[in-house]
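Visitor: I have a model open and would like to learn how to read it. Could you take me through some features one at a time?

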Amino acid sequence: MASDQDTDSRFSDPISGSIALLRRWWRMVCREIDQVAVIEKVRGESGWTPRYAFMTCMSAGIAILGMLLSSPAVVIGAMLLSPLMGPILGIGFALAVGDFRWLRDAGRALGLGTILAILFCAIIVAMSPLQTITSEIAARTRPNLFDLGVALFSALAGAYAMIRGRDGTIVGVAIATALMPPLAAIGFGLATFNWAVFGGASFLFFTNLTTIALTAAVMARTYGFSTYLSAKQTWAQSVVIISVFVALAIPLGFSLRQISWEANATRQAQELVGDEFGPEARISQLDFDFDADPITVTASVLTPEIVGGAEERAQRTLQRELGRNVMVDLRQFQVDTEETADGTELALARMREQAAATREEIADLTDRLALIAGVNPDEVTVDRNTRRAIVRVRALPGAELETYYALEQRANGRAEDWDVQVIPPAKDLPAISFADGEPDAAGQRNMVIAIWAAERLAVPVGVSGSDAAAAIVIERMENAGIDVRRLPGAQPGFVALSWLAPDGGDDE
């Protein structure tokens with residue numbers, strides 16, 4: 001009678017009955033798994049061996065060469081050769097079954113393989129004449145929440161393939177997770193001292209390997225692999241796994257939000273430029289530098305008619321729409337609307353060549369000025385519109401204003417068609433020596449240097465000396481647009497100059 005009541009109760013609750021049937025079916029599925037064979041297979045592919053080291057180097061070499069050449073096909077080939085999936089899955093299964101010796105061996109293989117791949121890529125980059133950040137390298141420097149999703153789904157597929165004996169699936173998993181390209185990007189960042197690339201690629205690799213390892217552990221436990229862990233240890237492990245996923249998801253989510261904002265900003269800029277020039281115009285190039293302050297937008301437009309004031313209007317509108325300071329560099333290239341497609345493409349190619357040449361010229365000028373002035377390249381300000389470069393130099397031991405004046409002359413001599421201005425430190429102004437009531441040769445030279453320094457620093461100058469000599473110096477400096485003021489005191493044979501505070505007081 002009691003049995004009949006239990007049966008009736010079970011069938012009267014369809015949800016409980018369905019759960020019980022599902023559990024029974026899952027236990028039958030798990031019993032079909034040869035756990036010993038799976039463990040041995042995963043363990044055999046997760047250790048350090050000469051074959052593992054060789055394949056790691058070959059995969060790393062192919063990956064970094066493919067990324068330097070910006071060849072997706074070559075990079076995919078490197079993914080297929082990469083043996084890193086073995087030790088990562090090994091770490092996951094070792095965590096699931098609680099085999100800490102296996103965990104140590106798999107972790108050692110992964111660590112040594114990672115270091116070997118990074119150093120091997122760094123050596124290749126250091127020896128390579130190509131050290132430009134290509135699109136393949138840049139794609140591995142900004143991980144986001146989607147990368148976590150790709151790693152999660154790929155890990156589920158990979159662990160399932162290992163457990164169910166679907167070895168062919170591992171090939172697709174190797175391509176999806178892309179473990180080797182981030183390591184190649186890390187090696188590139190190390191060799192070129194580009195820590196932005198190094199850090200971004202490191203975070204992507206850490207995201208991939210952590211997600212794969214923890215997901216493999218969850219899959220192994222789900223399939224009922226025998227474990228040496230106690231119930232308390234199993235519960236603690238579950239908490240740690242969930243916490244790690246949450247910790248990864250937060251920064252990756254912020255990164256995805258930033259990428260989404262940048263994509264929206266790019267779309268708004270395209271629409272704005274398109275509205276400014278009409279449907280017959282064509283945007284050939286639109287580049288954003290979101291790391292600059294202000295944000296820099298560089299656009300090239302093929303248009304049948306040059307539109308005046310378009311750059312200023314676009315800049316104001318973008319600043320209002322984005323809520324950020326924006327600097328727009330809009331290049332217009334006039335083409336005939338009746339021109340053939342080949343002619344338009346030729347005009348486009350010429351424009352891109354000109355833009356590339358300008359960027360290369362600016363980069364070369366910045367590097368040369370930084371070298372001449374002994375400063376970092378980011379301390380050189382370049383205005384491409386006015387073709388002016390300004391560099392503020394540091395005080396050099398024993399150097400006088402004449403040294404910095406000569407430095408500017410030399411820089412201008414090496415930078416054709418550019419106005420190079422060196423901003424010197426406020427060193428003592430030279431005295432103006434006189435002979436026969438007029439500045440002598442040395443005095444005239446010092447007058448030129450003093451006027452130059454006052455123009456660059458935009459600081460008032462005080463003049464002291466005999467009335468006649470001081471009047472000559474004051475007149476010449478005023479004619480040059482210098483704010484000059486008479487000070488008391490006189491020395492025979494020369495006029496003394498000094499820097500003044502903006503309010504007119506002596507600054508020395």
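This is a predicted model: local features need pLDDT of at least 70, side-chain atom pairs count only at pLDDT 80 or more; totals for chains, interfaces and linings use all residues.

Visitor: Is Gln-421 buried or exposed?

Guide: The cut-off for buried is under 20% relative accessible area. Gln-421 has a relative accessible area of 16%, so it is buried.

Visitor: What does the side chain of Gln-421 pair with in a polar contact?

Guide: Its partner is the side chain of Asp-419, in a polar contact of 3.3 Å. Leaving aside residues up to four places away in sequence, Gln-421 touches Arg-388, Ala-389, Ile-390, Val-391, Glu-408 and Arg-456.

Visitor: Which helix holds Asn-446, and is that residue buried or exposed?

Guide: Asn-446 is found in helix α17, residues 441-457. The relative accessible area of Asn-446 is 17%, and the residue is therefore buried. With residues up to four places away in sequence not counted, Asn-446 touches Pro-430, Ala-431 and Ile-432.

Visitor: Now to helix pairs. How are two packed helices described?

Guide: By the angle between their axes and the distance between the axes. Take helix α11 (residues 180-192) and helix α12 (residues 195-222): their axes come within 8 Å and cross at roughly 155°.

Visitor: How should I name the arrangement of α11 and α12?

Guide: Angles over 145 degrees count as roughly antiparallel. The helices α11 and α12 are therefore roughly antiparallel to each other, and their crossing is left-handed.

Visitor: Which residues of α11 and α12 meet?

Guide: On the α11 side they are Pro-182, Leu-183, Ala-185, Ile-186, Phe-188, Gly-189 and Leu-190. These meet residues of α12 including Trp-195, Phe-198, Leu-204 and Phe-205. Sorted by class, the contact of α11 with α12 has 12 nonpolar, three polar and no charged residues.

Visitor: At what angle do the axes of α9 and α12 cross?

Guide: The axes of helix α9 (residues 145-164) and α12 cross at roughly 40° and come within 8 Å. That angle makes α9 oblique to α12. The crossing of α9 and α12 is right-handed.

Visitor: What does the contact between α9 and α12 consist of?

Guide: Among the α9 residues that take part are Asp-147, Leu-148, Ala-151 and Tyr-160, and among those of α12 are Leu-204, Thr-207, Asn-208 and Met-219. By class, the contact of α9 with α12 has 13 nonpolar, four polar and one charged residues.

Visitor: Where does Asp-436 lie, and what is its phi?

Guide: Asp-436 lies in the loop between β7 (432-435) and β8 (438-439). Its phi is positive, about 60°, although Asp-436 is not a glycine. Asp-436 counts as exposed, at 81% relative accessibility.

Visitor: Finally, the whole chain. How many helices and strands does the chain have?

Guide: The chain has 18 helices and 11 strands. Of the 508 residues in the chain, 43% are buried. For contacts between residues at least 6 apart in sequence, 70% join residues at least 24 apart.

Note on methods: Residues are numbered from 1 along each chain as its sequence is written. Side-chain values use heavy atoms; hydrogens and water are left out. Buried means under 20% relative accessible area, exposed over 50%, partly exposed in between (1.4 Å probe, protein chains only). A polar contact is a pair of N or O atoms within 3.5 Å; within protein, one must be able to donate a hydrogen and the other to accept it, and residues adjacent in sequence count only if both atoms are side-chain atoms. Contact means heavy atoms within 4.5 Å. Axes are lines fitted to C-alpha atoms, for helices over the stretch in contact, and angles run from 0 to 180 degrees between N-to-C directions. Helices (H or I, at least four residues) and strands (E, at least two) are DSSP runs, numbered from the N terminus. Angles under 35 degrees count as roughly parallel, over 145 as roughly antiparallel, 65 to 115 as roughly perpendicular and the rest as oblique. A crossing is left-handed if the near helix is turned anticlockwise from the far one by less than a right angle, and right-handed if clockwise. Ala, Val, Leu, Ile, Met, Phe, Trp, Tyr, Cys and Pro count as nonpolar, Asp, Glu, Lys and Arg as charged, and the others, Gly among them, as polar.
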